[in-house]
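Dear colleague,

I am handing over the structure we spoke about, with a written account of what was found in it.

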Amino acid sequence: MHFAFNKEIVRSITRSWTRFLAIFAIVALGAGFYAGLRMCAPDMRITVDHYLDETGFFDVRLVSTLGFTESDVAAVRDVAGVEAVGTEIVADATATVADRRTTVRVHSLDTTAAAGSEVTAGGGVASDDPTYLNRPILMDGRWPERSGECVIDESKLYANSAQIGEQVVLTAGVRPLEDTFGRTDFEIVGIVHSSYYLSFTRGLTTLNDGNIDRFIYIPEEDFAHPETYTDLHVLVRGVAGASPFDAAYDDIVDPVKGSLEDLGPVRAAARLAEVRAEAQATLDEGHREYADARAKADAEFAEVEAELADAAVKIAAAEEELADGQAEYDRGVRELAAERSALAVRRAEAQAQIDAGRAQIASQQAQLDQLAAALPLLQAQVAAARTAVDDLRAAYDAALAEEALGHTPSPSSAELAVSLGDAEAQLTTAQAEYAEQFAAYDAGVAGIAAGLAQLDAKQLELDQGVRQAELEFASAQRSLAAARRALADGREELEDGRRELAEGRATFERERADAEAELADALAQLDDARVEIDELEMPEWFVLGRDTNLGYASIAGDADRIEAISVVFPFIFFLVAALVALTTMTRMVEEERTLIGTYKALGYGKGVITSKYLVYAGIASVAGALGGILIGSQVLPKTVWRAYTTMYTAPPALTPIDVPLALTAGVASVSITLVATLWAAGATLRESPATLMLPRAPKPGKRIALERVRPVWSRMSFSHKVTARNIFRYKKRLFMTVIGIAGCTALLLTGFGLKNSISDVLAKQYGPIYHYDTIIGFDEGALDLASGEGSLELALGDRDDFTGHLVIHNDGVRLTNAEDPAPGDTNGIDGALTGGKNAQTTMMEGYLSVPRDAERLSGFISLRERVGGAPVPLTDEGVVLTEKIADRLGLSVGDTIRVEQVGLTGTVDHEETRTFTVAGVTEQYVSHFVYMTPTLHEDAYGEVPAYNQVLAVSGLAGDGDDDERDQLSQRLLALDGVTTVQFTDDITSSFDDMLESLDSVVYILILSAAILAFIVLYNLTNINVTERQREIATIKVLGFYDAEVNAYIYRETALLALLGCALGLVLGIGLEAFVIITAEIDVVMFGREIHTMSYVYSAALTLVFALVVNVAMVPRLRRVDMVESLKSVE
Amino acid sequence: MAFVRFEEVRKVYHMGEVEIPAADGVTFDVERGELAVIVGPSGAGKTTVLNMLGGMDTVTSGTIRLEDDDVSAYSRRRLTEYRRYDVGFVFQFYNLVPNLTALENVELAAQICRDPLDAAETLREVGLEHRMDNFPAQLSGGEQQRVAIARALAKNPRLLLCDEPTGALDDATGKQILALLQDTSRIGGRTVIIITHNHALTAMADRVIHISSGRVMDMRVNPDPVSADEIEW
């Protein structure tokens, strides 16, 4: 164009760096903030999208009530648009993970595919296996290689609670463990992340407290039925380029979903037939088995029956034999007795005979003895005779001899011979008699001896006979005894036999009864099975999109929230940018008034002259926009993402520059500046060159409204009056400054308020609301309610560890406004909060909480209104809701809430749906509860609630004594029925991390606020000083001291700053509330209160910024040269 | 002794390497109560003289005395006080604070003085009692200059300095202003120094100082100053 003119433009930039910088900086700030903030949501989505793509995240997930088989998989694979189908088995279980009871979701892992997968540079996982989907990322350790190994999630909530090498033992499942799992003990060999679980909350289950704590992957073969899959994951062809957050993605995926939904009933019918056939086969087999068993049993029964009958017969025979034996024995006994008596008679007779004989012999003996006694007499007679003979003989011989000699003895020989002859005759007779007598005696003796011998023989014979008989008797007796024993034995045996028989029969009867019962059971089961088969429902296919994945849905929601915020925030910056550009350019144009006149006089056209300013502002704003967008689009999304990722497991943010957004930001900020420039230049350019050569008539002073308030106005000093009038004289500057400063203060207040609100979540929840510090979870049966003497409660009551405890029932429920249509129930599958059939119905997930002693609840949880703190009573009249439920569902006291119980696989159990009148709304920040009394619960559900928690006050909280708490925890866990012990301190500390990450957001806000304040105030002061140089010079000439001169100018700045500050505090309250409510995640309610100190900080920081700018500008004021500025008006 | 005395006052401006002597040994006296006119062509250095006399600029060398005070030796702070208490200044372009009314402009100066005159009274004296509550923009050039004079007078200064007071005014108005200044000196007995390039003004002066090329060419006392009304230019 014109070389000199261009040069002039370049010089006008280099000679007024501050002005150039002012525009540059505010545009950079505005464009950067806008671009950066607006790109947060897209970047979040891009990051998530990329992460999901890189990990093979499903496009469509299929869940069937009857599971899937390979033929289902094949059918799904054949659906048009399906790129790949991944299979998975998923089951929930209660597990002991490193000695801690945990609710886990167990996934099957294709160990081969996992081993072959590789972590990519982008934080994803690549695999050659197209069917390996929802690929977990190995963070530490290795993949499972064999049965009994598993990988576990890296859980920030349970940080360091499970290490590689520790055990996971499944203890209970939704169904019996053996029906689901092939084994129950696993060793942790690796730690994983999974895009399937983006958020910390892992989803809902029917087990335990309803929340899944962690997930693990086990080898597929460790499931009991590795051939039946619970989930199919589908990748849709052609979605690689489309962001799942765009409609284009839905356009691709929806037809496939449609096809799959159409396929569902077909495959479902096939599957039903399959399952039914299988079941029928099983049933038939069962029937066959039953029949076999029946027959076998009957045969066995018959056999046993026969055996028993045999035994009975045998026993009868034995009885008969025994009776015979007895009879024989009896006869034997009788016979023996008879014989004995006969023998006695015979013996007596024989004895009598013998005795008679003996008596005879005795008499003979007596005779003989007489004889014997006579014998000596006789002998003596003989002897005497003999003697006499001898004597006679001798006398005779002597006589003879004498005779012979002659003598004639007196008796003579002859006489003697006669006497001898007589004597001899006598002797002979004596001798004869003796001999006779002797013979008689001898004969007698012989006779006696013979008689005796005979008798003795007889006696002997008798004795022998008797002895013989006795022997015989004894033998008979022995025989009898033996017979008797035998009989006794036989009898005993018989008894035994009988008993055995009876027992055998009893056993048999029992066994038969058992067997019959078993058979009956079996039959009943078979019948049930038949009924079941008959009643087998058509399996339903749930065709689920990504939005049903909890983490995905909640990130998507967060992105939407950020987007909502990002629309509002930059508005301040744009507004201020426009005002700064306008004032700056106005000033520039005015300063160059004569120059413009000169150009005009030289014949330059309006357009060319305007172009100078447009080029100037253009360069400044384009440079600013570029710089701002480059920085903003990187820093802001990263910071916001970092703050959000405390709640997600996700890779670092990807921050590509979103060209349309960058263009929007750039074009918007540049055009705002250019429009402001045109505006500024327009008025001046319309003037004729002649008037332009003259100094511009100073802007007339004007009376302001304040002057009408005489009492005030008349008391004001001139400087104050000038200040007051100036403020209203330059309205652009007023707006620029007030809005800028207000924006600054509002940003600061938002930042600090944000921190307050989030830190209040815990501070208030665990301060004035929750008074307990320990939650003890126990098995529902552990507490004997009938007697109230459950071991647990006694144990707790006895312990010094607690100063108080309250038994409570807590159960996860889904809440809706009873006036809204009931929401669908497919959404609950994973607990993801999508709309289901009635997407417009707002749902909340919360807990139904029933304290056993409603009157004592206040000692553990304060129910109170947030505003005013009035206590909210819990009565049988209705339920008390926590605040966010009421807010979200639009419920207030007197309205009705629908409470739905979440059943198996997360679907709603319609049988258990109840509605309740809302009796109160209570302050609450973490989780949402519906409180009711046991009476109300019983009225509604027909039973007392199953108490499963104890809230306790240990007094150990807050003192940070981990050891003591660990010990207490150990002691409690040792109690029967205690499953979990949780200290609120642990909960709060995990939250603190989140707060820290939020600091970066606050710092960004403070920094932006500071930059905003500096730009605006510097610009204001700069313009004030340059534009009012004459005025400043004048008052200097009038003799104002430096301080007075400073005050003269700064009073205005200060007042505007104060004004802006005040306005900013008001704006800030609104902005903070907006941000808080928009950014709030479902599970918590952020504090609604900005602390007083935050107001103080925000205002103080703003004023400090103002002060800094003013101090920085003091030298400029000093440099205002009285002499130069008085010379003439340029 | 003279009321105002310049003795060999030099003022050298440095424009890069170049030294420009704006005042090159200026020496003159003005007596108390006199109306002095310093006259000279553009660039002669008269404004430099005025600035130094008004305490707005310092001397490079030489001495400026107001009565016994050595103004040329003043510190920055002392100079401010000097302007504040001793000097009243009337500018070519009035230099009124646009956001203050006529009265307030006068009061602005008066409020910082030790012994100010009544602002309203001063304005009445310059003939503006009916425009007191008007803003400068609502006043004519002459009226504005009257306000400026009133502002300078209200400070009750020892010395009234006027820089081309009629430079931006038409003749008639200019004459009225000059008459006002003459009255200030004649009736009020104040020492008034007017700086102008307009030789016509010399007729009404008690003392005329010609300056050219930074030096005093001629200084003479006008034994018979005419009334301002009678000046012709």
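Of the 233 residues of chain B, 56% count as buried, a residue being buried if 20 or more other C-beta atoms, placed from the backbone, lie within 10 Å of its own, exposed if 12 or fewer do, and partly exposed in between. The model is a predicted one, in which local features need pLDDT of at least 70 and side-chain atom pairs count only at pLDDT 80 or more, while totals for chains, interfaces and linings use all residues. Residues are numbered from 1 along each chain as its sequence is written, and chains are lettered from A and ligands numbered from 1 in the order in which they are written.

Chain B has 6 helices and 10 strands, where helices (H or I, at least four residues) and strands (E, at least two) are DSSP runs numbered from the N terminus. Among the contacts in chain B with a separation of 6 or more, 69% come from residues 24 or more positions apart, two residues being in contact if their C-beta atoms, placed from the backbone, lie within 7 Å.

Where chain A and chain B touch, 26 residues of chain A and 27 residues of chain B take part. On the side of chain A, helix H15 (718-729), helix H22 (1029-1037) and helix H25 (1122-1127) each supply at least two residues, and H15(A) gives the most, with 6 residues. By class, this side of chain A has 13 nonpolar, 6 polar and 7 charged residues; Ala, Val, Leu, Ile, Met, Phe, Trp, Tyr, Cys and Pro count as nonpolar, Asp, Glu, Lys and Arg as charged, and the others, Gly among them, as polar.

Within chain A, strands E2, E12, E1 and E13 form, in that order, an open sheet of 4 strands with antiparallel pairing, two strands being paired if DSSP finds at least two bridges between them. Its edge strands, each pairing on one side only, are E2 (82-88) and E13 (541-545), and the twist averages 20° from one strand to the next. Strand E1 (residues 60-68) is joined to E13(A) by 5 bridges in the antiparallel sense, with Leu62(A) having Val543(A) as its bridge partner. Helix H3 (residues 70-77) of chain A lies across E1, E2 and E12 (229-236), and runs at about 160° to E2(A); axes are lines fitted to C-alpha atoms, for helices over the stretch in contact, and angles run from 0 to 180 degrees between N-to-C directions.

Strand E10 (residues 185-193) of chain A pairs with E7 (residues 137-141) in the antiparallel sense over 4 bridges, and Gly141(A) has Gly190(A) as its bridge partner there. Strand E8 (residues 149-153) runs parallel to E10(A), with 5 bridges between them, and Glu149(A) stands opposite Glu187(A). Strand E9 (residues 167-173) is antiparallel to E10(A), with 3 bridges, and Val168(A) stands opposite Phe186(A).

Lastly, the axes of helix H23 (residues 1042-1079) and helix H24 (residues 1092-1119) of chain A come within 10 Å and cross at roughly 155°.

With best wishes
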